[in-house]
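Hi,

Here is the model I said I would pass on. Have a look at it first, and my notes on the pockets and the ligand follow below.

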Amino acid sequence: MTFARIAGTGGYLPERVLTNKDLEQMVDTTDEWIRERSGIKRRHIAAEGENTSDMGVNAAKKAIEAADLDASEIDLIIVATTTPDKVFPSTACIVQRKLGLKTIPAFDVHAACSGFIYALDIANRFIATGGARTALIIGSETYSRILDWTDRSTCVLFGDGAGAVVLRASNEAGVFSTHIHSEGEFEELLHVPAGISSGYDVVQQEAAFIQMKGSEVFRKAVATLGSIARETLVGNNVEQDDIAWLVPHQANLRIITAAAKKLGLPMERVIVTVDEHANTSSASIPLALDVAIRDGRIKRGELLLFEAFGAGFTWGSALVRY
Ligand code: UT7
């Protein structure tokens with residue numbers, strides 16, 4: 001059997017840091033409120049002219065180096081993003097050019113905060129069926145560009161960044177299973193109303209920015225993450241004690257804590273970066289994974305559970321042996 005195995009990871013955060021104290025100067029909020037309700041202390045903000053592809057390339061270079069391979073061995077690129085550089089071509093094609101890679105398939109996946117799990121699901125299927133041997137998957141987002149910086153209910157929650165993972169075909173266990181879902185009926189609880197087919201003229205007006213019914217999203221996220229975790233454990237005949245690390249999407253510390261509790265996992269076995277990164281959407285899981293691999297917490301051979309929930313609604317999970 002051929003598995004997709006994580007060969008290397010990389011992360012990138014823009015230089016500029018925006019603290020809760022900085023936000024106190026911009027909107028009617030407090031450091032205390034943001035920490036208590038979300039667990040967020042600071043976030044990174046892309047520089048002017050620094051785009052989703054630039055951050056993705058920076059993360060990808062580190063993942064390629066960690067995987068100890070020549071970039072020319074990559075035969076598939078998938079970029080998960082909801083903040084592409086352009087309407088088209090895809091950000092994946094722009095990343096391909098910037099990495100100097102020729103003619104391999106490259107495409108974007110749009111599943112909001114669950115984008116990385118969707119990209120992992122697709123890349124895993126490519127590798128398992130022989131369609132690719134070395135896949136580069138990237139989650140990269142510049143949410144600072146779709147935030148209304150006068151709306152305190154959303155602008156304090158998000159940040160920019162990118163994470164990347166190189167997956168290689170291997171006889172050794174890697175990705176055991178992926179589970180992805182969506183429920184479009186909740187479209188309007190979390191969305192950016194402006195679009196292409198619905199008209200360009202609204203861009204830069206209210207409709208061009210994130211709008212969210214926070215507490216409704218919160219409740220649905222907690223309930224759904226509990227059921228997706230169970231689905232993954234049951235599907236693989238695995239107990240929660242077998243999981244070394246939960247690497248969740250980083251939207252809110254209270255959501256992460258509630259999901260870990262439902263799973264019966266102590267917070268000592270949960271990777272948390274939301275305090276430092278805020279919600280970086282599809283970049284949050286690969287960024288958190290990279291942080292914990294590089295600081296030595298996640299070790300080779302350990303069993304990892306990824307889980308995500310986002311706009312759509314979309315959600316997903318993956319069980320992976322690192
Ligand atoms: O990645 C997936 C997508 N996103 C999420 O998963 C986020 C899900 N939701 C959440 O994380 C939480 O619902 C929030 C952090 C957004 C909000 O926390 P909450 O405990 O659900 O608060 P709330 O929305 O019920 O608001 C409580 C109060 C409101 O005031 P009133 O109506 O009670 O007087 C808000 O106006 O807090 C107020 N508020 C703020 N106050 C200070 C909202 N934003 C702020 C703010 N600073 N930044």
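**Pockets and ligand site**

The second largest pocket comes in at about 510 Å³. It is lined by 23 residues, and Leu157, Met212, Gly214, Phe218 and Asn252 are the closest to its centre. Keep in mind that this is a predicted model.

At least two lining residues of that pocket come from each of α2, α7, α8 and β12 (303-310), with α7 giving the largest share at 6 residues. Domain 1 (3-172) and domain 2 (176-321) each put in at least three. By class, the lining splits into 13 nonpolar, 8 polar and 2 charged residues.

Now the ligand. Its shell holds 22 residues, the closest being Thr29, Arg152, His249, Asn252 and Asn279. Both domain 1 (3-172) and domain 2 (176-321) contribute to this shell, so the ligand lies between them. Here too α7 (214-236) supplies the largest share, 4 residues.

A ligand nitrogen lies 3.1 Å from a polar backbone atom of glycine 214. On its own the ligand exposes 960 Å², and the protein buries 72% of that.

And the largest pocket? It contains about 1100 Å³ of space and has 37 lining residues, with Thr82, Thr83, Pro84, Ile146 and Val192 nearest its centre. Both domain 1 (3-172) and domain 2 (176-321) give residues to that lining, so the largest pocket lies between them.

Cheers

Notes: Residues are numbered from 1 along each chain as its sequence is written. This is a predicted model: local features need pLDDT of at least 70, side-chain atom pairs count only at pLDDT 80 or more; totals for chains, interfaces and linings use all residues. Side-chain values use heavy atoms; hydrogens and water are left out. A residue is near a molecule or strand if one of its heavy atoms lies within 4 Å of it. A polar contact is a pair of N or O atoms within 3.5 Å; within protein, one must be able to donate a hydrogen and the other to accept it, and residues adjacent in sequence count only if both atoms are side-chain atoms. Accessible areas come from the Shrake-Rupley method with a 1.4 Å probe; for residues, only the protein chains shown count as cover. Domain bounds come from an automatic or database domain assignment. On a 1 Å grid over the protein atoms alone, a cavity is a set of points where a 1.4 Å probe fits but cannot get out, and a pocket is an open set with protein on both sides within 12 Å along at least five of seven lines; lining residues have an atom within 4 Å of a point. Grid points are joined across faces, edges and corners, and a volume is the space filled by probe spheres set on the points. Ala, Val, Leu, Ile, Met, Phe, Trp, Tyr, Cys and Pro count as nonpolar, Asp, Glu, Lys and Arg as charged, and the others, Gly among them, as polar.
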